[in-house]
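Thanks, everyone. Let me walk you through one structure, starting with a salt bridge. Have a look at it first.

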Amino acid sequence: AKSTDVVSRPSTLRERVRNFVTGLLIFGANQIGRVPNRALRNFYYRNALGWKIAPGATINTGLKLFGGRGKVWIGRNSTIQIDCLIAGIGMTDLRIGDNVAIAYRAAIVLGTHDLDDPDFKGTVAPVTIEDYVFIGAGAMILAGVTLGRGAVVAAGAVVPKSVPPYTIVGGNPAKPIGERRRDLDYSTENYWLLH
């Protein structure tokens with residue numbers, strides 16, 4: 001799906017069956033998300049949902065998904081902490097770079113509705129999170145956003161627009177509140193062990 005593609009309702013029996021099976025897989029993902037075994041969770045996300053998860057990446061317990069299968073890339077050593085939400089998955093791309101840390105209860109929302117459409121049609125747009133980004137607890141990243149390399153999203157912020165590299169944003173809607181140093185060279189591989 002491209003930026004702001006319209007989501008249409010399934011019209012054929014084949015599409016309905018495919019959506020039903022996908023719904024079962026997402027239901028399974030939401031159940032497996034509770035299992036306290038990182039390897040098992042990653043196995044399910046990779047094999048049942050088709051996600052590309054690089055070595056060292058961690059998806060902690062409680063991840064909630066709404067949407068479909070595939071179109072997710074998670075880079076080396078990146079971590080998604082407890083009770084995060086990814087909505088609109090599988091209908092457009094989600095790319096998470098290397099050494100990204102997404103804190104507790106953060107949300108990535110890849111879809112919305114066209115408020116001016118008489119049918120209130122759903123739309124989706126990709127989200128890209130570049131290397132060394134930190135997303136604070138309870139923050140929300142909305143459809144179509146790119147978080148540039150090294151950007152920081154403060155806890156509780158709502159991000160409706162792309163954030164330039166090394167920029168710190170906070171608030172609702174998120175606005176620049178600072179800058180981050182540019183010589184970042186750390187690994188978040190064991191970040192999940194600290195929390």
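Start with Asp131, which forms a salt bridge with Arg149. The closest N and O atoms in that pair are 3.7 Å apart. Asp131 sits in the loop between strand S13 (127-129) and strand S14 (134-135). Arg149 sits in the loop between strand S16 (146-147) and strand S17 (152-153), so the bridge ties together parts that are 18 residues apart in sequence. Asp131 is partly exposed, at 24% relative accessibility. Arg149 is partly exposed too, at 29%.

Keep in mind that this is a predicted model.

How many salt bridges does a search of the whole structure find? It finds 5. I'll show you two others.

Asp98 pairs with Arg76. Here the closest N and O atoms are 3.0 Å apart. Asp98 lies in the loop between strand S8 (94-96) and strand S9 (101-102), and Arg76 in the loop between strand S5 (72-74) and strand S6 (79-80), so this pair links parts 22 residues apart in sequence. Is Asp98 buried or exposed? Asp98 is buried, with a relative accessible area of 18%; the cut-off for that class is under 20%.

Next, Arg182 and Glu179. They form a salt bridge as well, with the closest N and O atoms 3.5 Å apart. Glu179 counts as exposed, at 59% relative accessibility.

Most residues other than glycine have a negative phi. Asn77 is buried, at 10% relative accessibility.

Asp83 is another such case. Its phi is positive, about 60°, and it is not a glycine. Asp83 lies in the loop between S6 and strand S7 (85-89). Asp83 counts as partly exposed, at 32%.

One more backbone point. Which peptide bond is cis? The one from Asn172 to Pro173, with omega near -5°. Most peptide bonds are trans. Pro173 is in the loop between strand S19 (167-170) and strand S20 (175-179).

Now a loop residue and its contacts. Ala143 is in the loop between strand S15 (140-141) and S16. Ala143 is partly exposed, with a relative accessible area of 24%. Take Gly111 as a reference point. Ala143 and Gly111 are 32 residues apart in sequence, yet their C-alpha atoms are 5.7 Å apart in space. What does Ala143 touch, leaving aside neighbours within four places in sequence? Val109, Leu110, Gly111, Ala125, Pro126 and Val127.

Last, the helices. Helix H1 covers residues 13-32 and helix H2 covers residues 38-47. They pack at an angle of about 165°, with axes 10 Å apart. Angles over 145 degrees count as roughly antiparallel, so H1 and H2 fall in that class. H1 passes H2 in a left-handed crossing.

Which residues meet there? From H1, Leu24, Leu25, Gly28, Ala29 and Ile32. From H2, Leu40, Arg41, Tyr44 and Tyr45. By class, that contact has 7 nonpolar, 1 polar and 1 charged residues.

That's the tour. Questions, please.

Conventions:
Residues are numbered from 1 along each chain as its sequence is written. This is a predicted model: local features need pLDDT of at least 70, side-chain atom pairs count only at pLDDT 80 or more; totals for chains, interfaces and linings use all residues. Side-chain values use heavy atoms; hydrogens and water are left out. Axes are lines fitted to C-alpha atoms, for helices over the stretch in contact, and angles run from 0 to 180 degrees between N-to-C directions. Helices (H or I, at least four residues) and strands (E, at least two) are DSSP runs, numbered from the N terminus. Angles under 35 degrees count as roughly parallel, over 145 as roughly antiparallel, 65 to 115 as roughly perpendicular and the rest as oblique. A crossing is left-handed if the near helix is turned anticlockwise from the far one by less than a right angle, and right-handed if clockwise. Contact means heavy atoms within 4.5 Å. Ala, Val, Leu, Ile, Met, Phe, Trp, Tyr, Cys and Pro count as nonpolar, Asp, Glu, Lys and Arg as charged, and the others, Gly among them, as polar. A salt bridge is a side-chain nitrogen of Lys or Arg within 4 Å of a carboxyl oxygen of Asp or Glu. Buried means under 20% relative accessible area, exposed over 50%, partly exposed in between (1.4 Å probe, protein chains only).
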